[in-house]
2 protein chains.
Amino acid sequence: MRTRIEILARELFPGGRREPVLLGVSGGPDSLCLGHVLASLGYRCTWAYFDHSLRYTSQAEGEAVERMAREAGADFVRGQGAVEAYAQEGGLSIEEAGRSLRYQFLFEQAQAQQAQAVAVAHNANDQVETLLMHLLRGAGLDGLSGMAFSTLPNPWSAELPLVRPLLSTWREEIEAYLKENHLEPVLDPSNQDTRFFRNRLRHELVPFLETYNPHIQTALWQTADLLNEDRRVLDAQAQRAWEQCVTWEEPGAVALDAVRLGEAPRGLQRRVLRIAIQKLRPSLRDIDYAAVQRALEFAAAPPANASADLAAGLRLEWEEGWVWLAEREKELPALGWPQFEGNGLEQLPTPGEMLLPGSWRLQAEVVEGQAGELHARAQSNPDPYQAWFAAEVLPLFVRARQAGDRFQPLGMEGHSLKLSDLFTNQKVPRRARVRWPLLVSGGAIVWVAGCRQAEAHRVQPDTTRAVHVKLVK
Amino acid sequence: MRTRIEILARELFPGGRREPVLLGVSGGPDSLCLGHVLASLGYRCTWAYFDHSLRYTSQAEGEAVERMAREAGADFVRGQGAVEAYAQEGGLSIEEAGRSLRYQFLFEQAQAQQAQAVAVAHNANDQVETLLMHLLRGAGLDGLSGMAFSTLPNPWSAELPLVRPLLSTWREEIEAYLKENHLEPVLDPSNQDTRFFRNRLRHELVPFLETYNPHIQTALWQTADLLNEDRRVLDAQAQRAWEQCVTWEEPGAVALDAVRLGEAPRGLQRRVLRIAIQKLRPSLRDIDYAAVQRALEFAAAPPANASADLAAGLRLEWEEGWVWLAEREKELPALGWPQFEGNGLEQLPTPGEMLLPGSWRLQAEVVEGQAGELHARAQSNPDPYQAWFAAEVLPLFVRARQAGDRFQPLGMEGHSLKLSDLFTNQKVPRRARVRWPLLVSGGAIVWVAGCRQAEAHRVQPDTTRAVHVKLVK
């Protein structure tokens, strides 16, 4: 066992024996064993004990662990947390709250001591029980792959790995080591009370499964190991798929390109959606199968109202080929669209300009030229962000949309479109339409800025005086 | 349930209602239900019954199934196989042999009837039990992902999919459907006898797990579903990795580039090795964790003797950066290397050529030129497949290696190398060395063909008559 850990430690602690390791120690058999093995291998460890303040005995336990650390020649730090208050505040279970505060403490200490890693003492049996626990509760690959020898990034750090050097060591081996070295753990009674479900697995389910396969624990450990490796491959793939799909990301809202998402295989689609949910709800530990399923179906075939509830206070919204995942009350960003926020009509100074929000500007100039020349320039303009009119168009006004607005596009003589249909054709997102800047002259819309010019007031072959309008950012 | 199957069938049977479906029917509740539902949805089905010839009752069962098919308005075919004999012959279990013969029969029939697919009636409970069975025996992602709605290619065909339209339908729903439609299955007694392990899962383990989570069957079904999707992503990745790693493939032997293999993440390395094993042993259903592990470790750090046993009559061999997986007795191919298969010395006609096996040729010509010119040409030759000598080198002979051969490379005056060291430096595979063609003159090696020229007889600045030798294919 010692040799196995020595080999593992070389891989898990790239800083070697020079840089310290922060070791989470409860005083139970696992952490006591790990602390001693690492000390005997020459690693410099700080033993960190976290007092959950849940039991009368925890003060005494902490002192016992401190003595043990001294005996092992290790440094010692103690932390304390108001687990019950933290649980109530965050709506967490006691176990969940304790875990969260404990890891925060360990990583703070590791940072403070410039440790190369945080080590914890989960063993091979813990791994098997973790797999079973996830299996019973319902899980995918991530749950079934259990814990990893080394996790980086982890929820607490992007630089300091969380490592588990005992992950391939069985409880029996640990007990034999303690006995051989005359080490007496401070038994952690929380094993009995707060972790009931896990204990039932250990004492009831595992022995039952052993009647089917006496080597079931080894088999399950190997399963977790295999799945862990597969998970790493999938995570890397999912990260690439995410980068290809994500079109917008800000606090409380994320948008994905529905077409690109739809082209990915379903296994990756799920993972991309889970990354999106995780970005919005980083503290969510298990993402519901049904929630991801809903998001998948929504992205593939959005409902008529283009909106749906997701889970955990999040909603889904469909917008012109984008799937939004956002907090329920979050107003989706106006992104980079031009918007007119005035009321009623506002005159566009010509020559001159009008400032719009988001550093958009409408600029107008008067251009004189020979008959034919201006017509040619207007005709050859391919840019929807520019429009050319005969000077008779003046004065020009800007306003937002009104109910019943219609529009006769350039080159479609006699055809009049509803403005809403034009917006749909042009894929202008629904919520950008309300305040989209419209140029009007004599009461009629002459330019849907950045989209389409009207037939009215177009530059004619004999025009010698024109107005050139640009929408710029 | 009928609606769910209708939606699924649209996806699973791209040929629609026009093209026939071949349905494997045992007469048990599942296949009876599937046959009736597909008939009621308008699919043209042929019911195929396979008589395992294992029971006295199977003749009567077949007749009962035939009546049922008639009642459902379906065609009927019957097959028969000597399962026991087949099992003994192939060293298979009775169940394994029956399964193999049954699927062979189904796919032969499907081919004969130009069916669009072979459908079988596995249900959602079967899926859960399959997952558990694999979990208990020890499995990775592939085993835990259970069965798929549609599998193509499958072990029996590259064109005809094997589909399972009932895979998301629970046994309870099937029974309710049969009751409602007054359908009476021929109960399949093999459920009780040959599938003991599965039955113990069904009647003992599943109810036990339900005490942990009453919805465990749904949870496990979803797990299989998720893993199935992940498997598809990984399979596609593994196929790409395989194509990048494989350097040689022939019946009984496969070689992988060890460097490229080593660069892939471990999860893919395993899959590439499993593809290699599958190519050599296509009938192997479960590839052992330990075998793949051995191959992985071998590829990462080959043992001193460059050879090891793998599993299932296969061996591993290391050769200059290539990992071979091969049948134990298989002689590895000589690949494309130049080899001299004569005995003793053979003169190289100059000018002229000598034919070597595998369409290799040694060509020699005499070149005359001015002093300095030939020297310059010899000096500027970067190609190890060509050598230049002063004409004094003639006559040239070709031979294979002899014990104690030494060699003084061009440009390393005074240094003499063992030929074996030169071969190692040049990464010449061990078994290509014995018959590697060597050019000799006056008893000394002057060219290790295709590798390195000797110092002796080199072209000098005053040489006006040279011999130019080429190794070509």
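In this predicted model, strand 8 (residues 253–257) and strand 11 (residues 322–327) of chain A run antiparallel, joined by 5 bridges. Strands pair when DSSP finds at least two bridges between them. Helices (H or I, at least four residues) and strands (E, at least two) are DSSP runs, numbered from the N terminus. A:L256 has A:V323 of strand 11 of chain A as its bridge partner.

Both strands belong to an open, antiparallel sheet of 5 strands in chain A, ordered 7-8-11-10-9. Strand 7 (246–250) and strand 9 (307–309) of chain A each have a single partner strand, so one side of each lacks a neighbour in the sheet.

Helix 11 of chain A lies across strand 7 and strand 8, at about 85 degrees to strand 7 of chain A. Axes are lines fitted to C-alpha atoms, for helices over the stretch in contact (heavy atoms within 4.5 Å); angles run from 0 to 180 degrees between N-to-C directions.

Now the interface. Chain A and chain B each give 41 residues to the contact. Across it the rule finds 8 salt bridges (a side-chain nitrogen of Lys or Arg within 4 Å of a carboxyl oxygen of Asp or Glu). One of them joins A:E229 to B:R266, with the closest N and O atoms 3.1 Å apart.

Residues are numbered from 1 along each chain as written, with chains lettered from A and ligands numbered from 1 in written order. Local features need pLDDT of at least 70, side-chain atom pairs pLDDT 80 or more, while totals for chains, interfaces and linings use all residues; side-chain values use heavy atoms, without hydrogens or water.
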